[in-house]
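This report describes selected features of the structure shown below.

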Amino acid sequence: METPLTAKIRPDGEVIDLAAYERAGGYQAARKAMQMAPAEIVDQVKKSGLRGRGGAGFPTGQKWSFVPSGPDAPRPKYLVANGDEMEPGTFKDRVLLEGDPHELIEGMIIAARAIDAERGYVFLRGEYTDAGERIERALHEAASKGYLGKDIFGSGADFDLRLHMSGGRYMCGEETGLLNALEGKRANPRAKPPFPQVSGLFGKPTIVQNIETLCNIPHIVEKGPEWFQKLSLTGDAGTKLYGASGKVKKPGCWELPMGTTMRELLEKHAGGMQDGLKFRGALPGGASTDFLTADHLDVPMDFTEVAKVGSRLGTGTMIVLDDKTCPVGMVYNLEHFFAQESCGWCTPCWSGLHWAEEILASIEAGRGSMEDLAKLEHICKMVGPGNTFCALAPGAAEPLQSGLKYFREDFERHIREKRCPWRDGR
Amino acid sequence: MTRIFVDKKPYEINPKQNLLEACLGHGLDLPYFCWHPALGSVGACRQCAVKVYRDEKDARGRIMMACMTVPTPDMIVSIDDPEVRDFRAGVIEGLMMNHPHDCPVCDEGGQCHLQDMTVMSGHNYRHYEFEKRTFRNQYLGPLLNHEMNRCIQCYRCTRFYNEYAGGEDFGPLKLRNLVYFGRAEDGVLENEFSGNLDEVCPTGVFTDKTAKQHYTRKWDLTFAPSVCPHCALGCNISPAERYGTLRRVVNRYNSQINGYFLCDRGRFGYEHVNSQQRIRSARARQDAKFAEIPKADALDRFSSLAAAGKMIGIGSPRASLEANFALRSLVGAENFYAGVSDGEYGLLGEMLGILRQGPAPATLRQLEHADAAFVLGEDVTSVAPRMALTLRQTVRQVFLEKAEKMGVPRWQDHAVRELAQKDHGPLFIASPYATRLDDVASATYRAAPDDIARLGFAVAHILDASSPDVPSLPADVRAQAESIAAKLQAAARPAVVSGVSTGNAAVIRAAADVARALAKAGKPVAFLLTMEEANSLGLAMLGPKPLGQALEAAKGGQIQTTVILENDLYRRAPAAAIDAFLGAAGHVVVLDSLETRTTEKAELVLPATPFAEADGTLVSSEGRAQRFFRVYPPAGDIQDSWRWLRDILGLLTRPEGLSWQNLDNVVEAVARAFPALERIRDAAPGSGFRIAGAKIPRAPHRFSGRTSMLANIQVSEPKPPEDPDSPLSFTMEGAPVEPPAALQPFFWTGGWNSIQSLNKFQEEIAGPLRGGDPGVRLFETAAGSAAGYLNTVPAAFAPRQGEWLVVPRHHIFGSEELSARAPAIAELSPKPYVALGAEDAAALGAAEGSPVEVKLDGAAARLPLRIEPGLPRGVAALPAGLGPLDGFTLPIWGRIEVTR
């Protein structure tokens, strides 16, 4: 089984430096890309079937093809790596950022070539300080060898790449909120259209791409789209960094073929549930995805298949719920996070999520009523896709609406017994 | 036009507007908050949700925000669909979650967009059972009250204040449901347009603090269509009264002038009308004191003076055409003098000549749509404040066009701003000192007035070599002139702005030459000249003689009587000269509404009406004649100046005494006497105008207390006062339909109690008022290119040893006479000072704030020094219209010495 993304990562947790990265074949793809026409790179990425790993799964090559090209295109063009990994339960990009920063840089060099961008930023979650130091060092290494800066690889093209540490809001991980933050503004989302590909950072054409997505690029260029497609078990190409957290025996993050089932993740890689606990459900792709239950354990984890059962692959890092953890408490915790992280721009989000948090707190504290469940359902409807300005609130509604569906009895028990049955002992 | 279907009915709409605008434009009720017709769409509040259907077969439809939706041909839309109605009710429930429901004690109550939209959306029962968030309110200065608990987070305030008006000391703080709109700390809001927050805010977060001191609900106010008296732009306003005092001023939309916004001077200057210094009865001097005398006595005394011998009259740039004309009729054209300084007289004559030959003055709306602007010598924010807000939009035009070309509609506000970033279109400002607009200027030029004129002439010469060249222009200035000329030449719709700020005629001529060179090149140039007062241009058009000649004439001792109309002469010439004049001017009769230094010297003072109690016609700096109407009848013996003068004419058995029965008669007389003013007849319908036989009510039909207001005096209902001068009634009785725009006292329709009801009175959203915007333009461009160049390039400014050229430095708060008498404006006015550039101050050995002696032509004053870093060497500045030397016509050479 091939693991191209993580193959170069050292088992001791130390970062791979430029020399070691090059010894392992690094920057060959970048050199190759410099000989390719930008359109050819875009074409290869399109053919590979690579879909964005940030959660939405938009086809990467297609996204790049929207960037205006040619001599009349606005300048400068920007490439931004979204490393604001703040989704609760998600820690996959961190593995790449800390373990193999040159892979990201190489991916960005190639992506910049593809869209003819001369400036790039790595927008990093503020708490990822180790990753920040490692990237900073790697950027210096790459620049000192002429892989970044002016006339990179002697190609005549410039690519100036910098690190930006986020001030720290979940909203900064949203594509357009990130751009506003990078411009020094409030991290409110922007309306689309115009899409960032046309008017993005500082009003110029911009591609914002997830870290894992970018790390795939060197391998696609090096080994070709067909190779990439064959890595997968299902229709969605490539490998995927999957993760598991919660009360499993071995929480972690693993690079596996796209389409690996939740059961395999849980039982084989995470070592199953901790002793004495039973699996009740999981958020398959981070906090903003709908719960799946034991009935769905054999669903292949890819964009298409997970959507068919009413959830989303998201970031591919599942949060597991066991039978000794209160699902109401879990959902309350998540909604507390989302309400806190609402940027305050659109009404359904800032009012709805706050309201949901208050209701959940009161149910959890034993003060809830059956009408509250209808109110929660109403809020979920209010913040549905299209009703809000960006995807934050619809994402926030996913664990809540599915929690109400799969764990309704637990909610009702809180209300009937006027207490949390888990917290107060059974 | 494009056809769309809304709830199965077809509508023809303008496809350049968004779906919300299209719906509102057809009178459909669709609630909204964050969208504003001047601010565009940002999609934040989610209140204007509609259902849009793919085609006839689509039964489910999609919820979309109308404000963010481009209407497409045959689009199928539903406002009434139950699902989207529920959604809108849910949104308003969310918005109202933290709202304190304190309508009974809220100043916004009864004119509140949030109330209207809540009722419209059908939300009334609150399901939220938890604690509301609460905030600490801030002190924001004397103009606005802050009550953040009422906030619904629609972001309109910051979009207006920061993005539209360029303010920097205010904005959103914090996140989620806790967003706080305020300043980093308590303090006076810095932006000169902050008062608009009162109208922009859909609820009671920002309310008029001056109105709070004598608060009255909208439905209990009496309004009138009026024109702002505080500068020459002629912004339309609706002043409001109850119990004989003026309570507030709100914006009265005019698409060509003020649009949706007023400046703070215009909004808050009104309280001079309620001043303790109002003259409310006739006064006659007896020995050293004044005694109040009855009207009949006053008229007797006046008429005996008028019959006694040579009489001269001094007119006023703040009095109506009719009042000035009545004075001119009384004293004769040869004895009618302009009540402005000789310097200003010269400038007004210059400007009138230029405007007559063309290019004709542009409207503010035309200026807004210009794509490059050259401001020559003007401190626009201080002299014609509303124009500064317009110029802030002018610099956005290139990006609005760029966005449109990229398929981003102009109304999609934040997307357009993202494209533009901090960049802006070409705006060049040449002025002696830094101005508040410099932050959006592409380049500025700091120089003495003559050098500013030379820059202008140089630009004109580069644009058209047949205009005069400027000899010995420094290379850097020539380079700047070339860059300005290139931008103006490249523009499709260039604008040139100049005026009275520097007090220098050459600056105005230079601006005219630039405008003419552009016009000659076939450009539709927007040319605007600022003037000082509400009727400066109107006064000039009546052809008065200069004040200096009156001062001279008095020296001969031939003048028996001097009649001074609504004017404080001490603002027009140095105090010593006016003292001498009033001493030699015979019997001095002053008509005015407020006590001034001049009324103090008078023998007879007649109580005239201030703008809120008067009718008349004003000519704005755009050359627009506009009628303003009294809000309430003046009390006691107070009457319009023209009526006082008519009464005298009557006592002198002159025909006007009989023929001038109402304002129409005077308007007619002016129009006949002055062909250039012929069109003022059409400024508004005359007093005989009726709708279905009825007058137009000044008060809303819900006006309360009508029968009990005077019950402590008389239980039977008194007859409502009559208004012979206009087709407006002083009560709520009258035609319950929409009057012509020039007669619209206030905006209000069923279900739309707030100022946002304006949507219902426009031809299309943000377009002209139905039937055309008020006012008639007196100047229209003939061929601008026909006008020759003025060809008077001044010599370069040469600093003098030991002397400074003292230029006027205007202030939005303090430089204008009437608004400075309003307490809130007075609080914001600067203290008198003299300003020097940093280098000159250092050379003089004086520090900021240290006292210096300023000597101007025989007068001296000790003033604190203010260092204005941009002032050129050899140039000093005194605040215009305030301080001990306010009578001097600036610029003038003077000495400044450090006091020991």
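## The sheet of chain B

Two strands are taken to pair if DSSP finds at least two bridges between them. On that basis, seven strands of chain B form an open sheet of mixed pairing, in the order 15-14-25-24-23-16-17. Its edges are strand 15 (289-293) and strand 17 (336-337) of chain B, each of which pairs on one side only.

Both pairing directions can be illustrated. Strand 14 (residues 282-286) of chain B runs antiparallel to strand 15 of chain B, with five bridges joining them; Ala284(B) has Ala291(B) in strand 15 as its bridge partner. The hairpin of these strands of chain B has two residues between the strands, and Asp287(B) there takes a positive phi near 60°. Strand 24 (residues 587-592) and strand 25 (residues 604-607) of chain B, by contrast, run parallel and are joined by four bridges. Here Val589(B) has Leu604(B) in strand 25 as its bridge partner.

## Model and confidence

The structure is a predicted model. It scores ipTM 0.95 and pTM 0.97. For chain B the mean pLDDT is 96, and 99% of the residues reach 70 or more.

## Domains of chain B

Chain B is divided into domain 1 (2-95), domain 2 (362-509) and domain 3 (804-898). The centres of domain 1 and domain 2 of chain B, taken over C-alpha atoms, are separated by 39 Å. Six residues of domain 1 of chain B are in contact with five residues of domain 2 of chain B. On the domain 1 side of chain B, the residues that touch domain 2 divide into three nonpolar, three polar and no charged.

## Contact between the chains

The contact between the chains takes 31 residues from chain B and 29 residues from chain A. On the side of chain B that touches chain A, the elements giving two or more residues are strand 4 (62-65), helix 2 (82-95) and helix 15 (413-420) of chain B. By class, that side of chain B has 18 nonpolar, nine polar and four charged residues.

## Helix 14 of chain A

Helix 14 of chain A comprises 18 residues (residues 347-364), which at 1.5 Å a residue should span 26 Å; the end C-alpha atoms are 25 Å apart, in agreement with this expectation. Of these 18 residues, 16 are buried, so helix 14 of chain A is largely enclosed by the rest of the structure. The helix is followed by Gly366(A), whose phi is positive, near 85°.

## Backbone geometry in loops

Which peptide bond of chain A is cis, with omega near -5°? The bond in question runs from Lys192(A) to Pro193(A), and Pro193(A) is found in the loop between helix 8 (175-182) and strand 4 (206-210) of chain A. In chain B, a cis peptide bond with omega about 0° joins Gly358(B) and Pro359(B). Pro359(B) is found in the loop between helix 10 (342-357) and helix 11 (364-368) of chain B.

Phe153(A) has a positive phi of about 55° although it is not a glycine. This residue lies in the loop between helix 7 (129-144) and strand 3 (160-165) of chain A. Phe153(A) is partly exposed, with 19 other C-beta atoms within 10 Å. Ala692(B), likewise not a glycine, has a positive phi of about 50°, and is found in the loop between helix 25 (663-673) and strand 28 (696-697) of chain B. Ala692(B) counts as exposed because it has 8 C-beta neighbours inside 10 Å, where the limit for exposed is 12 or fewer.

Note on methods:
Residues are numbered from 1 along each chain as its sequence is written. Chains are lettered from A and ligands numbered from 1 in the order in which they are written. This is a predicted model: local features need pLDDT of at least 70, side-chain atom pairs count only at pLDDT 80 or more; totals for chains, interfaces and linings use all residues. The expected span of a helix is 1.5 Å times one less than its number of residues. A residue is buried if 20 or more other C-beta atoms lie within 10 Å of its own, exposed if 12 or fewer, and partly exposed in between; C-beta atoms are placed from the backbone. Domain bounds come from an automatic or database domain assignment. Two residues are in contact if their C-beta atoms, placed from the backbone, lie within 7 Å. Ala, Val, Leu, Ile, Met, Phe, Trp, Tyr, Cys and Pro count as nonpolar, Asp, Glu, Lys and Arg as charged, and the others, Gly among them, as polar. pLDDT is the predictor's confidence in each residue, from 0 to 100.
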